[in-house]
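Work through the exercises below with the structure open. Try each task before reading its solution.

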Amino acid sequence: MTLFRQLMAATALAAIANVALAAADIEVNTPAINQIKQSMQARNAQLAPLYGSGAVGLTKDGLVSLRDANAVPLAQRAQANQLVAEENRDRSQLYKEIARANSHPEWEGEIRSTFAQRWIDKAQGGWYVQKAGGDWVKK
Amino acid sequence: MRTSHTLPVLAALALLTSACVTINIYFPAAAAEKAADKIIDEVWQQQGKTPAKPAEGKPADAAPADNKPAQ
């Protein structure tokens, strides 16, 4: 019986160690993640004016959306649409890659909602962000 | 003779239990938030709002704050 108790104690300790180890940090420094990050960083120069004019807003699910096409001159509308599509592709890929880099693909949704909240929290004044109900508000 | 038979079973059970704990792990919400902030700052290049050079190899993080279940 003592052996059984020792075994259970060891198991419990191992389980605690596993939890502590895995919960300690999130890996975001992989070649794939860095590449997506750089791509988004380069695109930001073109997206920032669109955030500022309110043409593009930050959605509640961690993406961007062309919420007011009329705020973009007709000649630049196709380009704006393309920027939004490319940005969303990168963002979705980023969330997936982070989950995968941490060996928990099932975390993708939670990573996405964490980012969604932080993008909105860090958005500059005057930018449009989407509330949980779907309404757009100006920060 | 009974113990010699039950012990391997118990050991197998114990292993399975510990494996389950590893799989059903809590989502590290605080660490994820910190990682998100770092990436967002880099993408938006908002050096003014957070320290420009955050310590790269941070030691033990405040893991106890991560108490949100993964579901």
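Helices here are DSSP runs of H or I with at least four residues, numbered from the N terminus. By that count, Met40(A) is found in helix 2 of chain A. The model is predicted.

**Exercise 1. Describe the surroundings of Arg91(A).**

Step 1. Arg91(A) is found in helix 3 of chain A. Its relative accessible area is 0%, so it is buried.

Step 2. Follow the side chain. It reaches the backbone oxygen of Gly62(A) at 3.3 Å.

Step 3. Look for a ring. Arg91(A) lies over the face of Trp119(A), 3.7 Å from the ring centre.

Step 4. List contacts, leaving aside neighbours within four places in sequence. Among them are Met40(A), Tyr51(A), Leu58(A), Val64(A) and Trp44(B).

Step 5. Find another charge over a ring. The charged end of Arg67(A) sits over the ring of Tyr128(A), 3.6 Å from its centre.

**Exercise 2. Classify two aromatic pairs and find the cluster that holds their residues.**

Step 1. Ring centres must lie within 6.5 Å to pair. The count over all chains is seven aromatic pairs.

Step 2. Take Phe115(A) and Trp119(A). Their ring centres are 6.2 Å apart and their planes stand at 45°, so the pair is tilted. The two residues are four apart in helix 4 (residues 108-122) of chain A, and so about one helical turn separates them. Phe115(A) is buried at 2% relative accessibility. Trp119(A) is buried too, at 1%.

Step 3. Take Trp127(A) and Trp44(B). This pair is edge-to-face, with 5.0 Å centre to centre and 90° between the planes. Trp127(A) lies in the loop between helix 4 and strand 3 (128-130) of chain A, and Trp44(B) lies in helix 2 (residues 29-44) of chain B, so the pair joins two chains. Trp127(A) is buried at 6% relative accessible area. Trp44(B) is buried at 7%.

Step 4. Tyr51(A), Tyr95(A), Phe115(A), Trp119(A), Trp127(A) and Trp44(B) form one aromatic cluster.

**Exercise 3. Which element gives the most residues to the largest nonpolar core?**

Step 1. The largest nonpolar core has 39 residues. Leu58(A), Leu94(A), Ile98(A), Phe115(A), Trp119(A) and Trp44(B) have the most contacts inside it.

Step 2. Find the elements that give two or more residues to this core. They include helix 2 (31-53), helix 3 (74-101) and helix 4 of chain A, along with helix 2 of chain B.

Step 3. Helix 2 of chain B gives the most, with eight residues.

Step 4. Inspect that helix. Its buried residues include Ala35(B), Ile39(B), Val43(B) and Trp44(B). Ile39(B) touches Ile98(A).

Step 5. Check the helix length. At 1.5 Å a residue, 16 residues should span 22 Å; the end C-alpha atoms of helix 2 of chain B are 22 Å apart, which agrees.

Step 6. Look past its end. Gln45(B) follows, with a positive phi near 55°.

Notes. Residues numbered from 1 in each chain as written. Chains lettered and ligands numbered in written order. Predicted model: local features only at pLDDT ≥ 70, side-chain atom pairs only at ≥ 80, totals over all residues. Heavy atoms only, no water. Phe/Tyr/Trp six-rings, centres within 6.5 Å; stacked < 30°, edge-to-face > 60°. Buried < 20%, exposed > 50% of the residue type's maximum accessible area, 1.4 Å probe, protein only. Lys NZ or Arg CZ within 6 Å of the ring centre and 35° of its normal. Core = buried A, V, L, I, M, F, W, Y, C linked by side-chain atoms within 4.5 Å. Contact = heavy atoms within 4.5 Å. Expected span 1.5 Å × (residues − 1). Polar contact = N/O pair within 3.5 Å; in protein donor to acceptor, adjacent residues only side chain to side chain.
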